[in-house]
Amino acid sequence: MTTILAIETSCDETSVAIVKNRQVLSNIVKSQINIHSFYGGVVPEIASRQHLEIINQAIAQAFTEIDLDWPDIDGIGATCAPGLVGALLVGITAAKTLAIVHQKPFVGVHHLEGHIYATYLSQPELRPPFLCLLVSGGHTSLIYVKDCGVYETLGQTKDDAAGEAFDKVARLLKLGYPGGPVIDKLAAEGNKWAFSLPEGKISLPEGGYHPYDCSFSGLKTAVLRLIQKLETEGHELLPESSIIRDIAASFQETVAKGLTKRAIACALDYGLKTIAIGGGVAANSGLRQNLSTAASKNNLQVLFPPLKLCTDNAAMIGCAAADHLSRGHISSLNLGASSRMAIKDVMELYSATR
Ligand code: KG4
Ligand code: ZN
């Protein structure tokens, strides 16, 4: 058994967790959303400052809920990439300091690998291979999970992430930040067939379209044009108007259908029987409905971890760190933060030996 204290500070959640292999012992998540919503999106400098102000308190709190102390901890994990560099540095520096003071190995974790490990926390029996559809505010990828540290990205967005598209469309509709939950709510009362919107296909040089890649920026522009057209026609787009609900429902259905089509095609083409979903957009009811229906039609299993584990949290980082540490994968104390890093390069994080 490997017990990890893990820290996640890659964006706007300060989180500290203690995890024993695939079991969450404590998971403290302090969201900064109320602060950033005032600015309509995450402000990197404010995020770093906020992490710094509450990280020590979050570390202490992770221990207060459980009957463990430092001698019970086998290693310290922290998200190192990708993410906002200033924000990541707060978590990495705290983790390295704890590793030095308590003489524990330091295990850097790739944020997207963490999202994949969220599924193991709710499905401890799950084993690779499987397909992970990762849909958050910063990422939209279809990842072939082969083993711990062994991943292949089969499809991804070529521009905006799915959550970013929800946030941008919500901004166009003056619905505030984050946009996903409010669009989801309005869409439930709208007509998803009211407006026809473009799916965001990616052309291939040899002709035809990429089967798994996607794009959301054209869809966002199409919503903007639609709003402009409706306004010139004299429609008033108030949050309580049925037309806003119809736009929300049509937009959500376009995103959900596009993601579902690609995930199912990818799983079938690669002979993968299970699709696990991660990231904040996994909460979306349109996506859940479309994917569940399509998966059962195609004899595939689709796993939606509880939302608490889909959105950013340190428990998923701890679960990944525990698996790496149990295989002897340790990071150097010289490891820094990176804003970008492909998931196929995950093993570059582990250059140290015990
Ligand atoms: O994974 P997450 O908490 O943070 C990262 O981006 O890493 O994802 C946040 C994103 C936001 O863009 C938010 O609008 C979106 O997830 N989101 C949703 C829903 N709930 C959150 N998008 C669609 N439908 C939802 N119900
Ligand atoms: Zn994330």
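I began with strand β2 (residues 13–20), which pairs with β3 in the antiparallel sense over 8 bridges; strands are DSSP E runs of at least two residues, helices H or I runs of at least four, both numbered from the N terminus, and two strands pair if DSSP finds at least two bridges between them. In this pairing valine 19 stands opposite valine 24 in β3.

I noted that this is a predicted model, in which local features need pLDDT of at least 70 and side-chain atom pairs count only at pLDDT 80 or more, while totals for chains, interfaces and linings use all residues. Residues are numbered from 1 along each chain as its sequence is written, chains are lettered from A and ligands numbered from 1 in the order in which they are written, and side-chain values use heavy atoms, leaving out hydrogens and water.

Next I looked up the sheet, which is open, has 5 strands in the order β3-β2-β1-β4-β5, and shows mixed pairing. β3 (23–31) and β5 (106–110) are its edges, each with a single partner strand, so one side of each has no neighbour in the sheet.

I then turned to strand β9 (residues 274–278), where 5 of 5 residues are buried, meaning under 20% relative accessible area with a 1.4 Å probe and protein chains only. Thr274, Ala276 and Gly278 cover one side, and Ile275 and Ile277 the other.

Technical notes:
Buried means under 20% relative accessible area, exposed over 50%, partly exposed in between (1.4 Å probe, protein chains only).
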